[in-house]
Amino acid sequence: NKSPGAPKRVTRGPLGCILKGFFDSVNIHETVLCIWSSKGIRETAMKCFHLNGLIFLGSLLLYHGVVLKVIGVVMGLDQDEDLGIVRSAVDIVYNLLWVFPMFLACKIINTFYYQDIADHAYTYFDRKKKSRPVDAANARRMVKRESLSDMLYSVIFELGLLLQGSVLLLWWPTAPLGYMYTSWIASLYCFEYGWINAGRKPTARFDVFERHWAYFLGFGIPFTLITILFSFFYSSALIGLLFPLYIITATNAEPVESEAWLVLPQKIRILYVAQYLAIKSLTYLKRVWAGASRASPF
């Protein structure tokens with residue numbers, strides 16, 4: 001039996017894979033059952049809901065829906081021009097003192113919440129699929145972790161991928177490709193947790209990702225739609241709120257490979273630039289570290 005999140009050796013046309021990825025991402029039946037069956041997931045998911053839904057998203061809705069209107073009424077501002085000036089000033093203060101700090105705090109805290117949910121989800125589906133015997137009491141200690149070098153490589157790689165996607169979005173001719181990268185990045189984040197728990201090395205994970213490029217493009221479409229339809233902070237709060245569901249869904253999903261079709265090959269090197277930057281950066285850091293170690297008198 002395969003471990004959770006293992007790719008399925010079935011090929012389809014690119015469009016079929018994209019559609020399967022999309023429908024897998026919105027099919028939350030097994031996800032709901034997993035949350036219902038796991039006390040650990042329920043508790044952490046509730047914390048995630050409080051942080052991203054009630055506090056972060058709730059504060060944004062309260063500010064734009066109530067606070068700004070109250071300020072306008074209290075100050076007796078009837079002219080749109082006067083209200084616009086005051087709103088701009090209040091926006092700057094609000095963003096500096098609350099939104100930016102809250103955004104960063106959510107990013108950091110969510111990292112721990114997502115990892116905890118991913119570990120519980122992997123244990124749940126692993127035991128359900130019986131890919132290997134799992135002692136529930138010791139399951140978290142059995143999960144394979146990445147080496148420091150692999151973790152550093154993954155961090156640099158993901159930063160390079162984000163930079164690549166952001167640059168593509170800056171110019172309208174390349175914006176469609178930038179939105180495709182948004183979908184791919186979101187999918188990669190979702191599936192990385194299960195693959196790491198299964199002990200897959202970065203190079204193996206990226207090879208799987210590039211061979212299933214069409215499926216992962218479809219799986220990330222909901223995230224791309226959120227970024228298109230909502231402003232940056234609203235989309236960040238919504239994605240932070242929904243991301244635990246997608247981690248669980250990805251852990252149980254079975255990606256399918258795309259067949260070569262017309263000019264589209266079966267495997268597309270969509271991660272090449274980020275991988276190249278990560279390898280070069282890691283090699284440089286290792287050289288610097290080795291030089292510093294040789295120069296140290298201790």
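Here are a few notes on some helices in this predicted model.

1. Let's start with the pair α7 and α8. Helix α7 covers residues 175-197 and helix α8 covers residues 202-211; their axes come within 11 Å and cross at roughly 135°. At that angle, the two helices are therefore oblique to each other. As for handedness, the crossing of α7 and α8 is right-handed.

2. Who does the touching there? From α7, the contact takes in W184, S187, L188, E192, W195 and I196, while α8 brings R205, F206, V208 and F209.

3. Next, have a look at Q164, which sits in helix α6 (residues 148-169). Is Q164 buried or exposed? Its relative accessible area is 16%, and buried means under 20%, so Q164 counts as buried. If you set aside neighbours within four places in sequence, Q164 is in contact with Y181, I270, V273 and A274.

4. Last one: helix α2, residues 29-37, where the buried residues are T31, C34 and I35. Why do they end up on the same side of α2? They cover an arc of only 95° around the axis, and that puts them on the same side. In general, an α-helix has 3.6 residues a turn, so residues three or four places apart point the same way. On the other side of α2, you'll find H29 and W36 exposed.

How values were computed:
Residues are numbered from 1 along each chain as its sequence is written. This is a predicted model: local features need pLDDT of at least 70, side-chain atom pairs count only at pLDDT 80 or more; totals for chains, interfaces and linings use all residues. Side-chain values use heavy atoms; hydrogens and water are left out. Axes are lines fitted to C-alpha atoms, for helices over the stretch in contact, and angles run from 0 to 180 degrees between N-to-C directions. Helices (H or I, at least four residues) and strands (E, at least two) are DSSP runs, numbered from the N terminus. Angles under 35 degrees count as roughly parallel, over 145 as roughly antiparallel, 65 to 115 as roughly perpendicular and the rest as oblique. A crossing is left-handed if the near helix is turned anticlockwise from the far one by less than a right angle, and right-handed if clockwise. Contact means heavy atoms within 4.5 Å. Buried means under 20% relative accessible area, exposed over 50%, partly exposed in between (1.4 Å probe, protein chains only). The arc is that of the directions from the helix axis to the C-beta atoms.
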